[in-house]
Amino acid sequence: MPKVFFATDLHGSEMCWRKFLNAGRFYDAEILICGGDMTGKAIVPIVQENSHYTVSLGADRQQVEAAQVPDVEAQIRRKGYYPLQMSLERLHELDADPVKRAECFQQVMLDGVDRWMGMAAEKLRGTGIRIFVCPGNDDEMEVDDVIRRSDLVELGEGRLVEIGDFTMISTGWSNHTPWNTHREETEEALGERIEAMAKQVPDASKAIFNLHCPPFKSGLDEAPAIDADLKLMHGGRALRPVGSTAVREAIERHQPLISLHGHIHESKGAVKIGKTLSINPGSSYEEGMLMGAIVQLDPKKGIKSYQLVNG
Amino acid sequence: MADTTMGAPGTAARPGLFLRNATGLVKSWSTFDAFVYSFWSINLITLGLYGMSYVYTVPDGQLLAGILLFGVLVTFLVITYAMLVSVMPRTGGDYAWQSRVLGGGLGFVLSITGWWFTLFLWAPIYANILVVQFFSPLAYTLGWSGVAKFFTGQTGIFVSCLIVLAFASIVVTLGMETYARIQKACFWIGLVGLAVVCVLLLVYSQTDFQNAFNREATNLFGAPAGAYQATIDAASKTFAGSSFGTFSFGPVLLLLPWLAFYLLWPNWGATLYGEVRGAKDIRKPFWSMFAGLWVTVAMVAVVVLLINKTIGWNFYQSANAAYWNSLFAVKDAVAPPVPIWPYPVMFAGFLVDNHIFQALLIIVMGLWFFGWAGTLFLSSTRVIFAAAFDRVLPSWAANISAKRRVPYGALILMIVPSIVISAIYAYKPDFTSVFLDATAVLALTFLATTVAAIILPWRRKDLYDASPIANYKIVGVPMISIVGVISGLFLLFMLYQWSFNPDNLYGTSLQSTPNSVKYFVATYVAAIVIYVVARVVRKRQGIDLARIHHEIPVE
C-alpha cells in the first residue's frame, strides 16, 4: 500500500526542498512527488563594495560584513529567491541588458536545480523512497535535462510511470497565463498532450493524473483577479477561476483515481470531480512552509485516506 | 522571457531585485480599494449609528472623546494585524495564525466559535438593522404603516432575517469580485447620501428640526402635537438626560464596549491574495486598515457634532433611551410618541417637507447596508473550508457545485443554524443577551490572535526572523509583541466590562444573563467536541490530525 507525499510550487525555496526530501521519513511515505514550478522567481544581488556588501531584503537595504553573507544568502534562499554575489559593475550590466539578465537567470536556476538533485541523492539514496519531479510552466525546458542527469530523481513529464499497482501520468504544461511562461499552450493542445498519455493508462481506477494546472471551476483554481496591467483588483480580495478546461475534460472523461495539481498557490483544497479526488495542496514557499498532501493508496479501496498538511 | 528589475526604496538607480516573468507575480493592489473594504467593515451608518444608539446608557460619557480614544486603541490592533499579514501574508487570517502559533486544536476551537457559531447571531442583528434603518422608516415615510408595523413585529423580524440570509448567500455564490463592484457603487452613492444628510443638518437650526420633527411625527406616525418635547418627557421616566459637553474620563472608558460594535473591525478580512513583490511590506495592509479606521472616526465625529447642533444631544439620547427602554420593558419606561428607532438619517430627511425626498434619502442611505451586509458569510465560509481541508469537518463541507460554483456544504452549515437562531431571536425575547454578546465573542477571537502575535517572535522564531518586521524593535523587544500587549489589554478591558460590569451596563454581565452564558459555553463545548470526535474518527481512518501543523525538519 504505497503512501504518497505530494507537494508543488516550491519556487526555489531551498527550505521547502529540504523539507520535501525529509517528508518521506516524516510521514512514512514511500513515494515523493514534486508537482512543478521548482525554480525561483527572483535574483537578489549581493553587491560587493569596498569592504562590505549591500543587499535589499523586503523594503530595507542593508549593509553587511563578509562574515554575514552566508546567513543573508540562506535567508534569501529560504524565500525562494536566488542570492547572487556580484560587483557593482555587473549589477549595472545586468540591469541594462535583458539578454544578459535572462542568461544569468537561466544559469542560477539550473545551478539551483542541479544542487537540489545532489541534495536528493545524498538524502534519499538507499532509503527505498522514490522521488518524482515534473517541472511546471514556470520552469525552463533545460530544467528537464538537469533532472534527467540525476540518477535518483525520476522525471515525470510526458510519460507513464508505474507506482506499485498504480500508474501515474504527468505534465507541467498549463493553459495560457498573463505571464507568458515557458510551458503554456492552448486548451486544445493541452488536451491532446494529456490524452496522448491518458490513453496509455491501463486502469483509470488505479491512475494518478499529476497535472500541474488545476481543472477549471473546481475550486482548486481560484486566483486573485488582476487587470490587464497585472495589478490586483478589488484590494487583492477578489478571486476568479483560471484553471484549464482541458484538464477538467480529461478528468471527467477518464475519471482517474486521483488528480494532483498546483499552479494556483491560494487555492488549497480537495474536491471530488465525479469519482476522482482532485487535490491542490497550495503553496506558501516564501514562508518556508511546505504545504503538501499525504495520500494512502490501497490496491482494493483505491484511496484509503488523504490529508493536507502544512509541514 | 520578459523580466524586470526593481529597486529598493530610495535607490532607484540601483536595482535591489531582478524578477523574471513568473506565474502569479502581480502588481500591488490599490490602497484605495483595500481602504474601501476596511471602511465598509466599520460601517459608520449601518453599524455605527445602531451601536451608538446605546450610548445613552452612559450619560456622562463624552462620545467624541470615546470615539477618539477608541480610534487610538484600535490603531494598535491594526498594527498587530498588519504585522501578522506581513509575516504570514496569504494564509487565511485568524484561523491560520492561531493554528500555526497556538496549535491546531486551540486555533480550531477559537476560530470556529468566533467565525462560524457566532456569525449565526449576526444574521438576526443584521436583520434588525435592516428593519430599523430601511424597512420600517421607509414604510412609514411612504404611508405604509401596516408594512412598517409588520416588520417591527416578530414575524417581520424573522422575514427580515430570511432576506438577510438570502442576500448573504447570493453574495457568496456571486463571489467577491462581483460584490466588490456592487460595494464600489454603494460606496459612492452612499457617500453622496451622507453628504446630503450632513448639509441638511448643517444648514438648518435646532428650531427648524423641532418644528420638522413635530410635523412629521403627526403626519407619519399620528403623534399628538409637541412630539419633540414629549419624547424627552417619555425618556425622563427612566433617563436622567445627557449633555454633550460633559466630560469625565471614567464614563468615557465605559463607552468603549459600545463603540466596539462598529469600530473594532477595521482588520476584518485581513487575508490577502496574490504574490506581490513587497507584499510582506507592512505598509500597504497597515495604511488600508488605518485609513478605513480614521476616515470613519473623522466622519463619525462630524456626524455626532451635527446631531448635537441640529437634532440636539439631549433629545437624541432621550429618543434612544425612550425607544430601547420601552422595547426592553425597563421598569417605568414609557413608549415614545414616534414608536420607531431614532434614525438620524430619517430625522435629517424631516427637514425637507417632502415625503418622496425623505423616502429617497432612506433608500440611498440603505446602500450603506447593502454594500456591507453581503460579507456576512464570507469569513465563515473561508473558515469552514479550511477546517474541511484539514479533515476536521467532513469533506462535503467544502464542496462546491460544478455549474454555478455554489459552496452548498458551507452554506448549509451557515444557513440552517442561522434560521434556527433567527427564529429564537424573533420569537424568544429572553435570549436578547445572547445577541448582545456577539461582539464580545469576536473580541475574544481577536484576543487569541493578539496572543499569537505577542508570542510569535519566540514561538515561531523561524517565521519571525525571516520577516520584514524582525527589525522592528523597541528597546530590544519585538514591536509586534508590544503592540499585541496593548491591543490585548484593550480587548481584555472590554471583555471584563461585558462579562462583569456590576450594573450590567451592556446587558451581557455573566451573573445577569444565564441564557447567554449557557449558549456560549455550549458553543465552545461543541467546538471542542467536534475537534475531539474528528481526531478519534480520523485516527481510525489512519489520519493523524495532530500532524497538520507539525513542521517537517529541515536538516
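Reply: A residue counts as buried when its relative accessible area is under 20%, as exposed when it is over 50%, and as partly exposed in between. Please keep in mind that the model is predicted. Lys19(A) has a relative accessibility of 1%, so it counts as buried.

Me: With which residue does the side chain of Lys19(A) meet in a salt bridge?

Reply: A salt bridge joins a side-chain nitrogen of Lys or Arg to a carboxyl oxygen of Asp or Glu within 4 Å. The partner of Lys19(A) is Glu551(B), with 2.8 Å from N to O. This pair crosses between chains: Glu551(B) belongs to the segment after helix H21 (514-540) of chain B, and Lys19(A) to helix H1 (residues 14-27) of chain A. Glu551(B) counts as partly exposed because its relative accessibility is 33%.

Me: How many salt bridges are there over all chains, and how many lie between chain B and chain A?

Reply: Over all chains the structure holds 25 salt bridges. Between chain B and chain A the count is four. One salt bridge joins Arg100(B) to Glu287(A), whose closest N and O atoms are 2.6 Å apart. Arg100(B) and Glu287(A) are both buried.

Me: Which residues are linked in a network of salt bridges?

Reply: In chain A, such a network links Glu14(A), Arg18(A), Arg77(A) and Arg115(A).

Me: How should I read the contact between the two chains as a whole?

Reply: The size of an interface is often given as the accessible area lost when the parts come together. Here chain B and chain A bury about 7200 Å² between them, and 53% of this is on carbon and sulfur atoms. Chain B supplies 77 residues to the contact and chain A supplies 88 residues. Across this interface, 19 residue pairs are in polar contact.

Me: Which elements give two or more residues to the side of chain B that touches chain A?

Reply: Among them are strand E1 (3-7), strand E2 (15-20), helix H1 (31-41) and helix H8 (176-203) of chain B. E2(B) gives the most to this side, with six residues. By kind, the residues on the side of chain B that touches chain A divide into 34 nonpolar, 19 polar and 24 charged.

Me: In what sense do E2(B) and strand E3 of chain A pair?

Reply: Strand pairing is read from the bridges between two strands. E2(B) and strand E3 (residues 42-49) of chain A pair in the antiparallel sense over two bridges. In one of the bridges, Leu19(B) in E2(B) is the partner of Ala42(A).

Me: How many bridges join E15(A) to strand E16 of chain A?

Reply: Five bridges join E15(A) to strand E16 (residues 276-280), and the two run antiparallel. Gly269(A) stands opposite Asn280(A) in E16(A). The hairpin has two residues between the strands, and Gly274(A) takes a positive phi near 65° there. Strand E15 (residues 269-273) of chain A is mostly covered, with four of its five residues buried.

Me: Is Asn43(B) buried or exposed?

Reply: Asn43(B) is buried because its relative accessible area is 0%. This residue lies in the loop between H1 and helix H2 (44-52) of chain B. A polar atom of the Asn43(B) side chain lies 2.8 Å from the backbone nitrogen of Thr46(B). Beyond neighbours within four places in sequence, Asn43(B) is in contact with Gly48(B), Tyr262(B), Trp368(B) and Trp372(B).

Definitions and conventions
Residues numbered from 1 in each chain as written. Chains lettered and ligands numbered in written order. Predicted model: local features only at pLDDT ≥ 70, side-chain atom pairs only at ≥ 80, totals over all residues. Heavy atoms only, no water. Contact = heavy atoms within 4.5 Å. Buried area = accessible area lost by both parts, 1.4 Å probe. Polar contact = N/O pair within 3.5 Å; in protein donor to acceptor, adjacent residues only side chain to side chain. Nonpolar A, V, L, I, M, F, W, Y, C, P; charged D, E, K, R; others polar. Buried < 20%, exposed > 50% of the residue type's maximum accessible area, 1.4 Å probe, protein only.
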